[in-house]
Amino acid sequence: MEAVNEMTLTFASKSMNENFARAAVSAFVLPLDPTITELADIKTAVSEAVTNAIVHGYEYGEGQITLNAKILPGGRVIIKVRDKGRGIENIKQAMEPLFSTVGGERAGLGFAVMQSFMDSLKVTSKPGSGTTVTLEKYIIRRNRAVNDERG
Amino acid sequence: MNVKTVFDSGELTALLSGDIDHHAAREMRLVIDGDIERFHPGVLSLDFRRVRFMDSSGIGLIMGRYRLMKLTGGAVKLENVPPALERIIALSGVRTLID
């Protein structure tokens, strides 16, 4: 299916870019007129995926994170967050809530949040060569009468 | 600075603001833990009234402070949680430990 719109960003694996990634995706999906909740869901999931790439993929080291977002017909949004970091040995275990390899300050909820806030979550990974997280969400088409208020 | 702290009558209040993500949570943690060490509060009150966004790093921040306060028999309170933050808090289950 041909994308209505698409964008790709590559940025450094630095924690200050978590905010940048959320803001960029948020601006990209805005023409679909998402509700505040839908927008918050997408921002939260993107934040989790980018944080995982920084903390687990690159283990706070240098690296590049690629974020690709597509809008498909029918309000379908597909977001891919890719790193070329260490990869995940056991995806099933990594996705279990409260499982965190770094302990301490990480709640181990990243994948649980992505799963619960998006319509679908797919993780592909190869140890030593990186991880790709694919997030999908439908932005439900509503009565566009609200557009009048916004001008 | 996205955290302001006040210590009064045994209670340390941390007024958090902006977005709580992995980047911002680090600074908040350093400030709060520094004050816990300095004042030894009986209660740590985390005030979320000015928080616009929070991902699971915020849950990590809450849980980490809960564990730290518990070491000295102290308690943690969550204050003024905006409705937008309730979903992730519910998902995390921290409410079973903290009011």
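## Sheet, helices and chain contact in a predicted model

In chain A, five strands make up an open sheet with the order E1-E2-E3-E5-E4, and their pairing is antiparallel. The description rests on a predicted model. Strands of a sheet pair through backbone hydrogen bonds, either parallel or antiparallel. Strand E1 (5-12) and strand E4 (120-126) of chain A stand at the edges with a single partner strand each, so one side of each has no neighbour in the sheet. On average, neighbouring strands of this sheet are turned by 10 degrees against each other, direction ignored.

Within the sheet, strand E2 (residues 64-72) of chain A runs antiparallel to strand E3 (residues 76-83) of chain A, and eight bridges join them. Ala69(A), for example, has Ile79(A) in E3(A) as its bridge partner. H1(A) packs on the sheet and touches E1, E2 and E3 of chain A.

| Pair | Angle |
|---|---|
| H1(A) and H2(A) | about 145 degrees |
| H1(A) and E1(A) | about 170 degrees |

Helix H1 (residues 17-29) and helix H2 (residues 36-57) of chain A have their axes 9 Å apart, and their crossing is right-handed. Residues of H1(A) including Ala21(A), Val25(A) and Val29(A) meet residues of H2(A), among them Leu39(A), Ile42(A) and Val46(A). By class, this contact of H1(A) with H2(A) has seven nonpolar, four polar and three charged residues.

The contact between the chains takes 20 residues from chain A and 17 residues from chain B. On the side of chain A that touches chain B, H1, H2 and helix H4 (110-117) each supply at least two residues. The largest share, seven residues, comes from H2(A). By class, that side of chain A has seven nonpolar, eight polar and five charged residues.

Methods: Residues numbered from 1 in each chain as written. Chains lettered and ligands numbered in written order. Predicted model: local features only at pLDDT ≥ 70, side-chain atom pairs only at ≥ 80, totals over all residues. Axes fitted to C-alpha atoms, helices over the stretch in contact; angles between N-to-C directions. Helix = DSSP H or I, 4+ residues; strand = E, 2+ residues; numbered from the N terminus. Left-handed = near helix turned anticlockwise from the far one by under 90°. Contact = placed C-beta atoms within 7 Å. Nonpolar A, V, L, I, M, F, W, Y, C, P; charged D, E, K, R; others polar. Pairing = 2+ DSSP bridges.
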